[in-house]
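Please look over the sequence and the structure below before reading on. The paragraphs after them go through selected parts of the fold.

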Amino acid sequence: MNWNDFQNKYNFEEVVYTLTKQSIEIVSNSAIKEERFCSFAFNCSAYNGYILLSLDTDELNRARKFYPPDWTYEVVDDYIEELQELWGREYEPIEDEYFSIVENLDNQVLFEDFTNGFLTSLRKVMARLERDEVLSTYLKTTTDVWTLVTEIDADEEEEERLLEVERQNI
């Protein structure tokens with residue numbers, strides 16, 4: 001199985017888009033609904049297959065080049081239990097299958113196909129969320145919301161460049 005097979009079997013991009021949209025709607029009805037958000041990220045691991053939603057309210061963090069570990073809500077579902085339940089029920093089985101494949105790949109080319117495919121799919125989803133104005137539809141946001149797809153120890157400038165590529169392709 002390669003990434004395209006996995007993506008098609010689990011409808012990965014559509015599932016992540018739908019879960020993220022539902023999550024943003026849940027945030028809009030939560031205790032943090034009055035916050036004004038300036039940043040949103042998929043804070044993820046292409047090795048493990050996990051996806052954390054991160055939101056920030058500090059507009060200076062972008063200029064400081066502060067990324068999700070320094071944001072107001074690094075892991076949004078730590079604050080909203082309903083999100084833990086939603087992602088646990090709908091995404092965790094996909095995440096588990098992904099990880100069981102990736103951790104057993106001996107072929108470096110196939111490993112890179114999966115991990116790069118995972119990240120590229122998340123960038124496509126993020127570009128679609130931007131195009132559909134999901135954040136500003138449900139949340140109070142700044143006019144220029146900073147969106148990211150990032151991993152721990154990622155080259156953030158490269159990640160932003162790659163997200164821009166997907167924005168152009170949508």
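The model is predicted: local features need pLDDT of at least 70, side-chain atom pairs count only at pLDDT 80 or more, and totals for chains, interfaces and linings use all residues. Residues are numbered from 1 along each chain as its sequence is written, and side-chain values use heavy atoms, with hydrogens and water left out.

Strand S1 covers residues 36–44; helices (H or I, at least four residues) and strands (E, at least two) are DSSP runs, numbered from the N terminus. Of the 9 residues in S1, 8 are buried, where buried means under 20% relative accessible area, exposed over 50% and partly exposed in between (1.4 Å probe, protein chains only). S1 is joined to strand S3 (residues 140–151) by 8 bridges, and the two run parallel. Two strands count as paired if DSSP finds at least two bridges between them. Ser 39 stands opposite Trp 146 in S3. S1 is also joined to strand S2 (residues 51–56), by 6 bridges, and here the strands run antiparallel. Phe 40 has Leu 55 as its bridge partner in S2. The hairpin of S1 and S2 has 6 residues between the strands, and in it Gly 49 takes a positive phi near 85 degrees.

Thr 20 is buried, with a relative accessible area of 0%.

The whole structure holds 19 aromatic pairs. Rings of Phe, Tyr and Trp (its six-membered ring) pair if their centres lie within 6.5 Å; planes under 30 degrees apart count as stacked, over 60 as edge-to-face and the rest as tilted. Trp 87 and Tyr 91 form an edge-to-face pair, 5.6 Å centre to centre with 65 degrees between the planes. Trp 87 is buried at 9% relative accessible area, and Tyr 91 is buried at 2%. Both belong to one aromatic cluster, whose members include Trp 3, Phe 6 and Phe 118.

A search of the whole structure finds 0 disulfides. Cys 38 is buried, with a relative accessible area of 5%, and Cys 44 is buried at 1%.

Key. A disulfide is a pair of cysteine sulfur atoms within 2.5 Å.
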